2 protein chains.
Amino acid sequence: MGIVSPEEVLKINRKRSLDEFVEKVRPVVDAVRERGDSALIEFTEKFDGVKLDAIGVDREEVDRAYELVSDEIIDALEVARENIEKFHSLTSPQETFIDFDYAVLGKRYVPLESAGLYVPGGRASYPSTALMAGIPAKIAGVERVIVCTPPAKDGSVNPLTLVACDMAGVDEIYRVGGAQAIAAMAYGTETIEPVLKIAGPGNAYVTAAKILVSKDVAIDMPAGPSEILVIADETADSEIVAMDCVAQLEHDPLAVAVVLTTSEKLAEKVLEIVERTIDNENFYIAVVSSIDEAIEISNAFAPEHLELVFDGAEKAISKIKNAGSVFVGEMSGVAFGDYASGTNHILPTSGYAKMYSGLSVETFVKSITFQQLREEGVRRMGESVIRLAEAEGLKFHAQSVKKRLEKLER
Amino acid sequence: MGIVSPEEVLKINRKRSLDEFVEKVRPVVDAVRERGDSALIEFTEKFDGVKLDAIGVDREEVDRAYELVSDEIIDALEVARENIEKFHSLTSPQETFIDFDYAVLGKRYVPLESAGLYVPGGRASYPSTALMAGIPAKIAGVERVIVCTPPAKDGSVNPLTLVACDMAGVDEIYRVGGAQAIAAMAYGTETIEPVLKIAGPGNAYVTAAKILVSKDVAIDMPAGPSEILVIADETADSEIVAMDCVAQLEHDPLAVAVVLTTSEKLAEKVLEIVERTIDNENFYIAVVSSIDEAIEISNAFAPEHLELVFDGAEKAISKIKNAGSVFVGEMSGVAFGDYASGTNHILPTSGYAKMYSGLSVETFVKSITFQQLREEGVRRMGESVIRLAEAEGLKFHAQSVKKRLEKLER
């Protein structure tokens, strides 16, 4: 906690090894794979302290949830749903078919047939995560979208989460959490049919289980504790910068907040506010010589959330190389993106933003390429293909082209 | 081998467990991670029978390779390069910035900073794979693209592969293969700097190593033996259908070829040709009652390569739900896509086409979302975000929004 040098920011240890967790969850995953529902019930009793009567949530429980949630919250979820749907629809991948003279080539995006979403829960509940995972899956066109979420102590699922799942169009909801939920979605049980891909955030056990099953089903990305990096100049409002850091730090004792600022005065003020507001050691602030230096450090850090709070911030957009989601200007607090502005809040952490994207419609589709060659194309390309195939020692490949050339000559 | 029922097609066992291979390569991966170059040299001697003088390929060796390759082959590679580049450029993901009245929201695609490509080799050489992996990486804008490929018995790298790497714009080439190459790219050695993502096909050891390192770096997808499924009616040319199956089967003793046809006569002819041309048991042919039935089976099979050789094939494009790449009409042989038509030949096998895409520019970028809220947006959305944050028990999230609303009122 406190003021550090810019170099020290890059030494913050955010990526803890999951090896230990992988070994811990391996027997859980194996047991669910072998024994199905009975293992799910056993682990839910052991880890969540809940003796399950039913693994699945029925329609009645969802309907009841609507009655338990206030109209105000339902309206708020509706605002979020609408914006998330709009942004994700408009940024969906589009098919392309191109008429090259020798062939028509194309690429289509086709939904996965099924997807499993993990929505964390237990102590707190995260209806927003149900929206963030469910809406893109349904926009993608996934026919069967299921959610697993840990039950509360009384075996119920938080009504807010149920309502959010329903609003997102989720087809099936199961009250199981942890590594056992991931195993159930990957390999199936008597109650839960397996899915093709598992997405959504979770703790270290959930992430370790996702890594374990990723040899058999697709996963979105490994997840770690939440993070923010703020780049601010002297025009930034110290209270707003501090509060956005504190908001990030309240997620998790392992959450990290970093401020890079050109203003020593701002650094001191922000530090003072953060220190007196929250008890979390993972707050770091560094004074940099320029905004460009800050951007360079940020690109090397690859934060999950990045706030640009300096004069002319919008001009820096093209300089951002590694980040999950970027919030431009003082009004664009991370909290808006967390809930309602429309972008996704399931984002790569721990430096994974260098190679992974946040959740989107693309998470739930795969692309298929198409080609229809013209006779002219076969004539023109044939000789080249034959030569390359022969050079690679694949004589029947060459033969398959020759057969077509012969046919065209007849 | 032979004529089977349509149901039996779906029982063909294409997905062998990699567990055994994962355990075999684990010590190799660990050794490279711990001992770097010395482990690379040791394993290359042990597995490839080659005592390496240099792990890296220098410019001189690449220049010499150009002299060893005929002009005809260089021309053919150039045809391939041009078409691959054109198709992959035109199907690259495009950034979107949208002005919603409450905010400007956007999504940009930013290249990974580095990528490692595995190009199989040893007995045969696959210059085409160097093009198929290298060109999309460079179109994506990856600054550092490296290739690992196994050396020949004399320690050299096949000149064709070197030329193809060079034409694709690959920055560094290393003569290491197998699990040791994957470990080197993931964790780095004295000679090989690590990369952020590893892509490209390989045998079961390479794939197992990719799965092992995928907790630390991104990978494209698991790979298995090559496959083709052909849907054909009575108008199809039996020699062409048979030759495309044989071409697929010559890749690997484990490769699989399947024909689904409405014509019993075609089935017999194709079987006869395949049987007398190649000695590979993994050929299956089933007579179906309709093209629609064949498409349904194919969607459940999710073949790597799918050929549609029937009347009106282009009208069936939208019905294809699971496949790596689709070849429409008799002229569109898989061999064209393997080399030169422009689509990628690094494709999901073993049913993975249900959830994975073939290699593309998208393999080498990640998306970053941006948002710039307007004051109006903060006013309009603020109350909803506060309610949702409070409902999730995240009071400082709510506070961060309140601070902005207060500021706007001042």
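Within helix α11(A), the residues L266(A), A267(A), V270(A), L271(A) and V274(A) are buried, a residue being called buried if 20 or more other C-beta atoms lie within 10 Å of its own, exposed if 12 or fewer, and partly exposed in between, with C-beta atoms placed from the backbone. They lie on the same side of α11(A) because they cover an arc of only 125° around the axis, the arc being that of the directions from the helix axis to the C-beta atoms. On the other side of α11(A), K265(A), E272(A) and R276(A) are exposed.

This is a predicted model, in which local features need pLDDT of at least 70 and side-chain atom pairs count only at pLDDT 80 or more, while totals for chains, interfaces and linings use all residues. Residues are numbered from 1 along each chain as its sequence is written, and chains are lettered from A and ligands numbered from 1 in the order in which they are written.

The elements of chain A against which the buried residues of α11(A) pack are listed here, contact meaning C-beta atoms, placed from the backbone, within 7 Å.

| Element of chain A | Residues |
|---|---|
| β1 | 2-4 |
| β9 | 227-232 |
| α10 | 238-249 |
| β10 | 256-261 |
| β11 | 283-287 |

Helices (H or I, at least four residues) and strands (E, at least two) are DSSP runs, numbered from the N terminus.

The contact between the chains takes 97 residues from chain A and 97 residues from chain B, and helix α14 (residues 375-391) of chain A gives the most to the side of chain A that touches chain B, with 9 residues.

Conventions: Two residues are in contact if their C-beta atoms, placed from the backbone, lie within 7 Å.
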